[in-house]
Amino acid sequence: MRGNLSNGIVSIKIEEGSKRPIALHEKSKFGKIEADFLHLSLIEACYLQEKGRLNIYEDDVECSVGYLIDLIKQEELYGKYVVFRDLKDRGFVIKTGFKYGSEFRLYNRGGGPGEGHSDYLVKIIFENYDINALDFASYVRVSHGVNKKLLLAIVDEDFDITYYNVEWTRP
C-alpha cells in the first residue's frame with residue numbers, strides 16, 4: 001500500500017474497489033478517513049512502514065524508515081513514537097489523548113472509538129523531566145473524572161519504558 005507524505009501527514013488514496021485502507025481504519029483503528037483518503041499521523045505511518053504494511057513516498061521518492069525516524073526526532077516526537085510502538089505491539093488500539101491533556105487514549109484489543117470507551121489515558125514523562133506536583137495531580141484528576149485509568153509511561157535516556165498505573169484514592 002502506498003502513502004504520500006506531505007506536511008507531517010501521510011495520506012493513502014482510497015481507490016474504488018480498494019479495501020486495504022478502509023480495513024486499516026475500521027479493523028485496526030489507524031488514522032482518519034476524510035473524503036477519498038485515509039490520513040495517518042507520522043507516528044502511525046512510521047509504525048506501519050516498520051511493520052512492512054505501508055510504503056511511504058515524499059515527492060515520488062520512497063522514504064526509508066530511518067528517514068521517517070529522523071523526521072520524528074526533528075519534531076521531538078521520538079519518545080512518543082517508542083511508547084506508541086510498544087503499546088501497539090502489546091495489542092492496544094491507540095488514539096490521540098489530546099482533549100484529555102495526555103498523549104494517547106488506549107482501548108483494549110477489539111475495542112476502539114464507537115465501540116465503547118477507552119480504558120486508559122497515557123501520559124509520557126521523560127526520566128530526567130522535573131514534574132510539578134500540581135501538574136501530576138491534574139493528570140490523575142482528569143483521568144479519574146472521565147472514568148479512565150492513568151498510565152504513566154516513563155521513558156529513560158536509552159528510550160526504555162517503565163509503565164506505572166496511577167489511581168485516585170480517597171483517604
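Predicted model: local features only at pLDDT ≥ 70, side-chain atom pairs only at ≥ 80, totals over all residues.

Residues are numbered from 1 along each chain as its sequence is written, and side-chain values use heavy atoms, with hydrogens and water left out.

**Nonpolar cores**

- A nonpolar core is a set of buried Ala, Val, Leu, Ile, Met, Phe, Trp, Tyr and Cys residues joined through side-chain atoms within 4.5 Å, where buried means under 20% relative accessible area with a 1.4 Å probe, protein chains only.
- The largest core has 36 residues, and L40 and V122 touch the most other members.
- Elements that each supply at least two residues of this core include β4 (37-41), α4 (78-89) and β9 (120-126); helices (H or I, at least four residues) and strands (E, at least two) are DSSP runs, numbered from the N terminus.
- Leaving aside residues up to four places away in sequence, V122 touches V83, L87, S102, E103, F104, L106, L151 and A153, a contact being heavy atoms within 4.5 Å.
- A second, separate core has eight residues, among them L121, V140, L150 and V166.

**Pockets**

- A pocket is an open set of points on a 1 Å grid over the protein atoms alone where a 1.4 Å probe fits, with protein on both sides within 12 Å along at least five of seven lines; lining residues have an atom within 4 Å of a point.
- The largest pocket is lined by 22 residues, with G31, L40, S41, E44 and T96 nearest its centre.
- The second largest pocket is lined by 16 residues, and S28, K88, G91, F92 and V93 are the closest to its centre.
- β3 (32-34) and β7 (93-96) are among the elements that each supply at least two residues of the largest pocket's lining.

Definitions and conventions
Buried < 20%, exposed > 50% of the residue type's maximum accessible area, 1.4 Å probe, protein only.
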